[in-house]
Amino acid sequence: MALRGEIEAVRDRALSHLNAAHDYYTYSKEVWRTLQLVVQRDGLKFSHRNRATNSTVNEQNFLSLAQRYIAWELTSATLQQFLSIFENFLFEVLRRWLLAYPQSLSTRQLSGKEILKLPDKAAIVDALVEKELRDVFYDRPANWF
Amino acid sequence: MIDSTTQERIIVSSDGTAGPYLVVPLDQLEFVESMLREHQVPFWADADAVSLNGKPEITVVNFGPGVDASRVQQLLDAAR
């Protein structure tokens, strides 16, 4: 597949994952909202026990938990998921770009030990790309500049 | 302020630690939002609405933990 096609496929996967994450956020929130409203307006009563922690909650405890879960926990977890999807998208695009144009890595070096473990030039380019991506994504940001 | 779907007073809930919030029918949201802006009360409204048992849609207006629930309640009570 040409580079453009590969990048478009990566983009489409990322957008699909973003949509799924947004649906999860929205409908989870709506379930909490529905529960809040049914307790407040229809007087639903219940209690739950978490057998792992032995904590027990009733419908009144759930009202306060629900607002915190919606306003803070679910929102921040979804933001982290969005960032993770974007990071993965960027990683995949850069990987494909560098594999298509490896000349930009011509000043990068592998040790003799690393090279001797590899079967051919394509594998060496792969290793250079992986090294570059590891440095970009996992190095301290202060070392980028 | 009276909830147009229940004909009851709109109450600011302050249960929990995430900040106050209030439930408002969608057709009254615009009024509530403009009133809050006018009085410089920071808030955000849910981007979606819930309809229970086919009744009119309702949504939630959220306030941060720093917002005084009793002040918002006074503003609502004074609104007609």
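The structure is a predicted model: local features need pLDDT of at least 70, side-chain atom pairs count only at pLDDT 80 or more, and totals for chains, interfaces and linings use all residues. Residues are numbered from 1 along each chain as its sequence is written, and chains are lettered from A and ligands numbered from 1 in the order in which they are written.

**View 1. Elements and extent of chain A.** Chain A has four helices and two strands, where helices (H or I, at least four residues) and strands (E, at least two) are DSSP runs numbered from the N terminus. Their order from the N terminus is α-β-β-α-α-α. The radius of gyration of chain A is 24 Å, well over the 15 Å that the globule rule gives for 145 residues, so chain A is more spread out than a compact globule. That radius is taken over C-alpha atoms, and the rule is 2.2 Å times the number of residues to the power 0.38. Along the principal axes, the C-alpha atoms of chain A fill a box of roughly 70 × 35 × 30 Å.

**View 2. Helix α1 of chain A against helix α2 of chain A.** α1(A) covers residues 3-42 and α2(A) residues 59-100; they pack at an angle of about 180 degrees, with axes 10 Å apart. Axes are lines fitted to C-alpha atoms, for helices over the stretch in contact, and angles run from 0 to 180 degrees between N-to-C directions. The two helices are therefore roughly antiparallel (angles over 145 degrees). Their contact has 21 nonpolar, five polar and five charged residues. Nonpolar means Ala, Val, Leu, Ile, Met, Phe, Trp, Tyr, Cys and Pro, charged means Asp, Glu, Lys and Arg, and the others, Gly among them, are polar.

**View 3. Buried residues of α1(A).** A:Lys29, A:Arg33 and A:Gln36 are buried in this helix (20 or more other C-beta atoms within 10 Å of a residue's own, with C-beta atoms placed from the backbone). The cover over the buried residues of α1(A) includes α2 of chain A and β4 of chain B.

**View 4. The side of chain B that touches chain A.** Here 13 residues of chain B are in contact with 14 residues of chain A (C-beta atoms, placed from the backbone, within 7 Å). β2 (21-25) and β4 (58-62) of chain B each supply at least two residues of this side. β4(B) gives the most, with three residues. By class, this side of chain B has seven nonpolar, four polar and two charged residues.

Methods. Two residues are in contact if their C-beta atoms, placed from the backbone, lie within 7 Å. Angles under 35 degrees count as roughly parallel, over 145 as roughly antiparallel, 65 to 115 as roughly perpendicular and the rest as oblique. A residue is buried if 20 or more other C-beta atoms lie within 10 Å of its own, exposed if 12 or fewer, and partly exposed in between; C-beta atoms are placed from the backbone.
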